[in-house]
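Reader: I would like to learn how to read a structure, one feature at a time. Where should we begin?

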Amino acid sequence: MKIVSFEFIKKLIYEINPSQNFYSLNKNVKADILAGIIVAIIALPLALAFGEVSNMGPRAGIISAAVGGIVGGLFGGCFVGVSGPTMPMASQVAAFGAVLAASGSNDINGVFSIIFLSGVVLICFSFLRISKLIHFVPYPAIAGFMCGIAALVVIGQINPLLGVNVENNNDPVGVLLNLLNSVKNTNFIVLAISLPSIILLFFWDKISLKINFLKDIPSPLPVLVIGSFMAYILGMRALDETLFISSIQNDNFSIYYPDLSRFSQYIGPAIGLACLALIDSLLSCRVADTMTGTRHKSNREAFGQGIANVISGIFGGISTATATTQTVGNITFGAKTPLATITKGIAMLLVLLFLGKFMSYIPISCLAAILIKLGIDIVDYRILPVLKNISLSDLFVFVTVLFVTVFADIIIAVGMGVLISLIRYYKQVYLSIRMDNAYSYSLLKESKF
């Protein structure tokens, strides 16, 4: 007697089978490794910042970036997606920590237990095969989100580019309102490094065409080397150490076993965190699809993020998701397979273990220049020529998602895109779910119990 049909099992695990990820690792080795290293350099200060935002510390951000890169690359559903901590995930982790503290529980293990359980919930989502609904998000919503992210990145790097220290560069309204004051307080020693860095980034392609041995070197690498050398010559470190990346202290890994005795208290926040990670990741994958002309595996991505969050929670890292900015950078720098994000994860792990002190010689202004160039590259320029020809409803979607992303909240913008897709394409979504369920039911009916 057959317990369950092999066809049913194949259908159940088809979307989460990572074999394609493993088979692709040797297809673009040189470019992927270079892209992974550059993305790691860009991801490092972000991981540190997101660790601070989460109130779990910068080390938790680095662990999340390492786990997300390695595990997300091996098991994720987007070949060029880069996983790690993101601002929405870090903010949500901080909120959960504050709630636990308010309830009288200051046990850090509670936060990591929620992260662990959110990974389990994501794995369940992958088996339910609901993640593919992201494909119904309309293009104007995706374009609005991409342009909004680009604006956030550029605005957030204005003050670091000028060498102006402010408390919060993540508030675009505050940065823009104080722009004139920031210009007046420009640190001209910093500007002497950041301005040439931006010029070099924009003209690197033309320079590399004339010098053959430079053609395979991504532009951020010489910017970091030259910028660090200039900072040393100008004695900038002696003037103000805050203008450089903070040194990362080596530390032993700790194991945080999930506290399942408080499952009923943790499962609600875990489901919310899992939903946020799913939306954040799948929208980033959708952005990658528009740039590469490919189609990611949504349910496999949910599975990969689930495994990553389970491991991250155990080892003391904050939540992971596929990061839009780093994914776009990964594509821009020539990545084509998961080897790039795996390289990024390994590089982050090595930095944590061995190379932290060397990072402290890199000026933040160099990273600001790289991120501004990356932000400009994020803009979906394909939407611009057709704006005058699209319908008013599509224009409304584009503008609304753009402004909500920049001036309100990324996740609200994402939620709006999903809601709009459900309203506009409810028939296709309904039929897709019905067809998928009918096929699964027919396979189950054929099984012998």
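Author: Begin with the cysteines: a search of the whole structure finds 0 disulfides, a disulfide being a pair of cysteine sulfur atoms within 2.5 Å. C78 is in no disulfide, and the nearest cysteine sulfur, that of C285, lies 4.2 Å away. This is a predicted model, in which local features need pLDDT of at least 70 and side-chain atom pairs count only at pLDDT 80 or more, while totals for chains, interfaces and linings use all residues. Residues are numbered from 1 along each chain as its sequence is written, and side-chain values use heavy atoms, with hydrogens and water left out.

Reader: Is C78 buried or exposed?

Author: The terms come first: buried means under 20% relative accessible area, exposed means over 50%, and partly exposed is in between, with a 1.4 Å probe and protein chains only. C78 counts as buried because its relative accessibility is 9%. C124, at 42%, counts as partly exposed. In the chain, buried residues make up 53% of the 449 residues.

Reader: How many helices and strands does the chain have?

Author: Helices (H or I, at least four residues) and strands (E, at least two) are DSSP runs, numbered from the N terminus. The chain has 21 helices and 2 strands.

Reader: How do I check the length of a helix?

Author: The expected span is 1.5 Å times one less than the number of residues. Helix α7 (residues 139-156) has 18 residues and should span 26 Å; its end C-alpha atoms are 26 Å apart, which agrees. Helix α6 (residues 108-128) has 21 residues and reaches 31 Å from its first C-alpha to its last, close to the expected 30 Å. Just after α6, R129 takes a positive phi of about 60 degrees.

Reader: How many residues of α7 are buried?

Author: In α7, 14 of the 18 residues are buried, so this helix is largely enclosed by the rest of the structure. α6 is mostly covered, with 16 of its 21 residues buried. For a helix read residue by residue, take α5 (residues 87-102), which has 16 residues. Its buried residues are P88, M89, A90, V93, A94, F96, G97 and L100. As a general idea, an α-helix has 3.6 residues a turn, so residues three or four places apart point the same way.

Reader: What is G163 in contact with, apart from its neighbours within four places in sequence?

Author: Contact means heavy atoms within 4.5 Å. With those neighbours left aside, G163 is in contact with N187, V190 and L243. G163 sits in the loop between α8 (158-162) and α9 (172-177), and is buried, with a relative accessible area of 13%. G163 and T186 are 23 residues apart in sequence and 6.1 Å apart in space, C-alpha to C-alpha.

Reader: Which residues does I189 touch on the same terms?

Author: I189 is in contact with L234, M236 and L239, leaving aside its neighbours within four places in sequence. I189 belongs to helix α11 and is partly exposed, at 30% relative accessible area. From I189 to M236 is 47 residues in sequence and 7.3 Å in space, C-alpha to C-alpha. Among contacts in the chain between residues at least 6 apart in sequence, 85% join residues at least 24 apart.
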